[in-house]
Amino acid sequence: MNEKESNKHAWGQLSQDHYAHFKKGLLDGSHKLNKHIQGELGDLSGKKIIHLQCNTGADTILLAKMGESAVGVDLVPDNIKYAKKLAEDLGIGNVSFIESDIMDFMGNEKYDVVFVSEGAIGWLPDLNKWGKTIKHLLKEDGYLYVFEGHPIYLMFDENKLAEGITTIKYPYFKKTPDVDYSIGGYASDTKHDVKTYFWMNKVSDIINALTSAGLHIEYFNEFQENFYDSGGCKNLGNGLFNYDFNNGLFPMSFSLKATVYR
């Protein structure tokens, strides 16, 4: 089983749990786009949005409510199955979902906004292909919005961070993926007997992949908060978390907006 198929299998073990978790959050109003995303995305009225690596579609549904329509794309068949069920359960009619590997996905439609967020791009083996996909999907006056985990934060030993210790476990310049034999924990019980591959992407990898595809970086913003509790974090509300000791020490997330060169 290659890296892509192994990740695909692993994420499929979480699909039903994610569906149940996010359905509850959408119904009771607790699942929302975090404060930074809401502030930076702005008004999406009349916008056609495509959400890459959409998981089971909860954020795609939130985007559909904000815009004219939204399309979610994901590699995992069960993610798409439960995303469609989630939209049906909630009566959301202006959203659709496509099962596809975004490394190969092009499609015929063009979109006002390409949206990528929260724990997505580390699962991709080739950011240059990712950049080309985004460029292909964007209208000439459209834009890409990314909200992701910061590579600096991703270097640290996650278990020691909970104790206030910043020890580098994952080298910033590592070219081969990290391998793990479990997955889950933030919206599902941890699943074992899987094998996952996660790539460390440098800031330059992300920016260069987009600029080489013909995109112009409008901004790159860094935040000390994280978008989930990785262990020992305080819930700050508004979908954000931080360690008590991280008062301006290091970033845990970033946002990026890019447009097509014209």
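Hi everyone, let's start in the middle: the largest nonpolar core here has 31 residues, and L41, L63 and F115 have the most contacts inside it. The elements giving two or more residues to this core are α2 (15–28), α3 (35–41), α4 (58–66), α5 (77–90), β3 (95–99), β4 (111–117) and β5 (138–149). Apart from it lies another core, of 29 residues, among them V114, V146, A258 and V260.

Some background. This is a predicted model, where local features need pLDDT of at least 70 and side-chain atom pairs count only at pLDDT 80 or more, while totals for chains, interfaces and linings use all residues. Residues are numbered from 1 along each chain as its sequence is written, and side-chain values use heavy atoms, with hydrogens and water left out.

A nonpolar core is a set of buried Ala, Val, Leu, Ile, Met, Phe, Trp, Tyr and Cys residues joined through side-chain atoms within 4.5 Å. Buried means under 20% relative accessible area, exposed over 50%, partly exposed in between (1.4 Å probe, protein chains only). Helices (H or I, at least four residues) and strands (E, at least two) are DSSP runs, numbered from the N terminus.

Back to L41: which residues is L41 in contact with, leaving aside neighbours within four places in sequence? They are L33, L63, F115, Y143 and Y145, where contact means heavy atoms within 4.5 Å.

Now look at I217, in strand β8. Beyond its neighbours within four places in sequence, I217 is in contact with I207, L210, T211, L256, K257 and A258.

Last stop: S230, in the loop between β8 (215–223) and β9 (234–237). Why does S230 count as buried? Because its relative accessibility is 19%. Thanks, everyone!
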